Amino acid sequence: MTAPRLSIEKLTVTYASARGPLTALRDLSLEVADGEFVAVLGPSGCGKSTLLNIASGLLAPSGGQVAICGEPVSTPRRDVGIVFQQPTLLPWKTVLENVLVPMQAMGLSVDDHRARARELIRMVRLEGFENHYPHELSGGMQQRVGIARGFMHDPQLLLMDEPFAALDAMTREHMTDELQAMWMQSGKSVLFITHSIPEAVYLADRVVVLSARPGTVIEVIEVPIARPRRLDTLGSPEFNAICNRLRAHFRAPASEPETRS
Amino acid sequence: MKDRLLAILLPLTAVALLLLAWDRAVVWLQVPTYLLPRPADVGTALWAGYVTERTYWKHLVTTLYEVVVGYGIGCTIALIAGAIVAESRWIERTLMPIVVAIQSIPKVALAPLLIVWFGFGVSSKMVLVALICFFPVFINSFYGFRSANPDLLRLYKAFGSSRLHVFRQVKLPSAAGSIFAGLQIGVVLALIGAVVGEFVSSKEGLGYLIQSSTLAFDVATMFASVVSLSIIGITASSLVRWVQARVVFWERREAAGATLSEAG
């Protein structure tokens with residue numbers, strides 16, 4: 001068996017804060033297999049974003065192991081793509097230039113990759129907007145540029161930090177479908193952080209539930225629903241059963257309902 | 001079209017009425033012309049100074065020279081200093097309290113000292129102009145550089161970009177709007193610095209012209225100098241605004257875009 005795309009073992013992250021050390025994540029272990037879509041679900045403040053910073057190598061763990069394809073992660077890696085909660089585009093660059101940012105940031109020739117960037121722009125259905133600036137696009141379109149940029153350097157692992165949280169419900173539904181299609185086409189591994197239960201179940205092969213701070217894995221649920229999942233999947237008893245089972249974790253008396261966006 | 005015409009006509013009419021009121025007030029209230037000249041006298045002085053006798057030009061050029069060079073030096077140093085201080089928390093913690101303390105000194109109070117140090121010529125005025133422009137540009141560029149989106153910085157860092165690359169590609173453009181706000185304030189202050197410097201001691205410049213004409217009870221010339229200064233001020237700050245709109249093109253439209261997307 002080959003090493004999993006991403007493996008996190010007994011990860012602990014402790015911050016120094018004004019009130020003494022603060023443990024964001026404790027003994028967290030999870031794996032993302034090659035081509036697998038894993039959603040991480042948790043209440044606010046459970047350290048979901050910290051997890052993403054660790055996986056991308058931007059933050060060093062206080063304890064435990066993080067490995068990509070069996071290699072320990074210590075510094076930022078170029079074979080990882082990141083999609084943020086906000087579009088996080090450069091407002092002075094056009095859509096095309098924004099999609100090309102990874103190449104430019106790595107110091108590679110932008111000209112050699114223009115064709116691929118155009119292809120990705122087509123994939124997120126923004127053809128015709130290549131030379132528009134972000135402020136000329138709607139929020140949903142901007143987020144799609146951010147997603148295309150995440151795919152640009154062909155990373156085998158995509159880290160997505162609540163990428164649809166800032167979108168309105170209708171755009172969100174549409175984007176979820178698009179992401180599923182792009183993922184099925186590309187065969188990449190995805191670690192998808194979210195606080196939406198239906199979104200997690202709709203997209204993921206496996207849903208990892210984190211506890212409130214300090215975040216640790218409390219349950220892992222397989223989602224055996226066939227792909228491609230469609231709007232009618234949302235109404236199926238199978239889908240609802242899984243959602244309800246997940247919901248039970250957040251109904252515990254100690255935890256608060258998720259409100260952060 | 002009608003709106004645009006009105007936008008020009010209305011202020012023009014107001015100015016014309018104001019000039020008329022001024023003129024009538026001088027005549028009807030019998031204000032001595034050594035206290036307040038009639039607008040036409042100021043016009044005559046300007047015409048003579050710039051067209052027939054051409055005696056104002058050297059003063060205008062001297063003041064402009066001081067402003068442009070002083071502003072250029074002050075803003076350049078402020079930008080570089082802002083970038084350096086923004087890049088290092090250590091430098092920030094060491095220098096920021098000192099900078100804030102110095103900022104509270106009224107810079108014009110240093111004018112006599114600067115004349116002693118740098119002489120009666122243009123250089124002492126340039127130093128004063130540079131000093132007075134420095135702070136707004138420094139503070140604005142510092143906060144501008146610091147305001148860069150942390151996620152964007154993370155993204156570039158994740159791709160292993162060098163510090164210089166991140167600075168040029170993300171921090172500098174992110175700071176541009178804020179830098180221009182500082183440049184805008186600086187341009188007005190620069191003019192004040194030059195005139196105050198000339199007041200203290202000089203042989204040329206519009207500040208000198210104001211002082212010498214006031215001592216000679218030539219109030220028309222004094223007013224003509226003030227008009228010249230305000231024309232420099234208006235032109236310079238419009239120029240900065242014009243450059244700003246072209247360089248930081250996304251910020252103005254970003255605001256418009258926000259309103260549009262809310263409506264849609």
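Two residues are in contact here if their C-beta atoms, placed from the backbone, lie within 7 Å. The model is predicted: local features need pLDDT of at least 70 and side-chain atom pairs count only at pLDDT 80 or more, while totals for chains, interfaces and linings use all residues. Residues are numbered from 1 along each chain as its sequence is written, and chains are lettered from A and ligands numbered from 1 in the order in which they are written. By the contact rule, Pro61(A) touches Leu11(A), Thr12(A), Val13(A), Ile54(A) and Val66(A), leaving aside residues up to four places away in sequence.

**Pro61(A)**
- Pro61(A) sits in the loop between α1 (48-55) and β4 (63-68) of chain A; helices (H or I, at least four residues) and strands (E, at least two) are DSSP runs, numbered from the N terminus.
- Pro61(A) is buried because 22 other C-beta atoms lie within 10 Å; the cut-offs are 20 or more such atoms for buried, 12 or fewer for exposed, and partly exposed in between, with C-beta atoms placed from the backbone.
- Pro61(A) and Leu11(A) are 50 residues apart along the chain, yet their C-alpha atoms are separated by 6.7 Å.

**Chain B overall**
- Chain B has 11 helices and zero strands.
- The C-alpha trace of chain B spans about 75 × 55 × 30 Å along its principal axes.
- Of the 264 residues in chain B, 33% are buried.
- Among contacts in chain B with a separation of 6 or more, 75% join residues 24 or more positions apart.

**Helix α6(B)**
- Helix α6 (residues 122-146) of chain B has 25 residues, so at 1.5 Å a residue it should span 36 Å, which agrees with the 36 Å between its end C-alpha atoms; the expected span is 1.5 Å times one less than the number of residues.
- A kink of about 35° lies at Phe134(B) in α6(B), shortly before the proline Pro136(B); the bend is the angle between axes fitted to the seven residues ending at a residue and the seven starting there.
- In α6(B), 22 of the 25 residues are buried.

**Interface of chains A and B**
- On the two sides, 17 residues of chain B are in contact with 19 residues of chain A.
- The side of chain B that touches chain A draws at least two residues each from α7 (150-158) and α11 (249-263) of chain B.
- The largest share of that side, seven residues, comes from α7(B).
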